[in-house]
Amino acid sequence: MSRIAAILRRGFGVVREHVGTDHLGNKYYLIPEQKTWTGRIVRAKRIVEAANAKEYEYMEGSIPMEWDAWIRGRRKEPPSIEELLKNESNREQIKTKAKEVEEKDRALLAKEYKEGLVATPARIAAKGHAAATSFDKQEFNEEPTSTANTFQPGSWMPTSKKD
């Protein structure tokens, strides 16, 4: 159906202009503003032809930010290759700087733990939810647990509390 519509569009003068392709293989097109044969004005459209055409395999981030801004109309001109490369290198620099800062912070924290300037965090593995009455208690619980589909009537009897 879409092929027939595309053939009809081309036949009646609706032509898309290839604007660019990103490093993932997505192709970007601009359909300029046009008048139809009835005199109606059709506004310009920006479309992307995904490299991965299956809709269920599409993931967020499959379109670079710069191209996404162009598709959504937040920028007038499509991004240039130089701009894309510059932004990618900036993102990589930010990631490496963040790793360095994180490593320095871990080293400083370890030094402060060693010197006794900061209390070491307690590593308590408590079971259950904090709102439960039995939270962080080591007592044996005689309450029945859920057995879902395997429950057999009469298989559990409550114990006497007088012991």
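**Salt bridges and overall architecture**

At 37% relative accessibility, R16 counts as partly exposed, and in this predicted model the side chain of R16 meets that of E49 in a salt bridge, with a distance of 3.0 Å from N to O. This pair links distant parts of the chain, since R16 lies in the loop between α1 (2–11) and β1 (17–21) while E49 belongs to strand β5 (residues 45–49), 33 residues apart. E49, for its part, has a relative accessibility of 34% and likewise counts as partly exposed.

The structure holds eight salt bridges. Another of them is formed by R75 with E83, whose closest N and O atoms are 2.8 Å apart; here E83 is partly exposed, with a relative accessible area of 26%. K95 forms a salt bridge with E92, the closest N and O atoms being separated by 4.0 Å. K95 is exposed, at a relative accessible area of 52%, whereas E92, at 38%, is partly exposed.

As to the chain as a whole, three helices and five strands are present, and they follow the pattern α-β-β-β-β-β-α-α along the sequence. Of the 163 residues of the chain, 10% count as buried, and the accessible surface comes to about 14,800 Å², 55% of which belongs to carbon and sulfur atoms. Among contacts between residues at least 6 apart in sequence, 30% join residues at least 24 apart.

Terms used
Residues are numbered from 1 along each chain as its sequence is written. This is a predicted model: local features need pLDDT of at least 70, side-chain atom pairs count only at pLDDT 80 or more; totals for chains, interfaces and linings use all residues. Side-chain values use heavy atoms; hydrogens and water are left out. Helices (H or I, at least four residues) and strands (E, at least two) are DSSP runs, numbered from the N terminus. Buried means under 20% relative accessible area, exposed over 50%, partly exposed in between (1.4 Å probe, protein chains only). Contact means heavy atoms within 4.5 Å. Accessible areas come from the Shrake-Rupley method with a 1.4 Å probe; for residues, only the protein chains shown count as cover.
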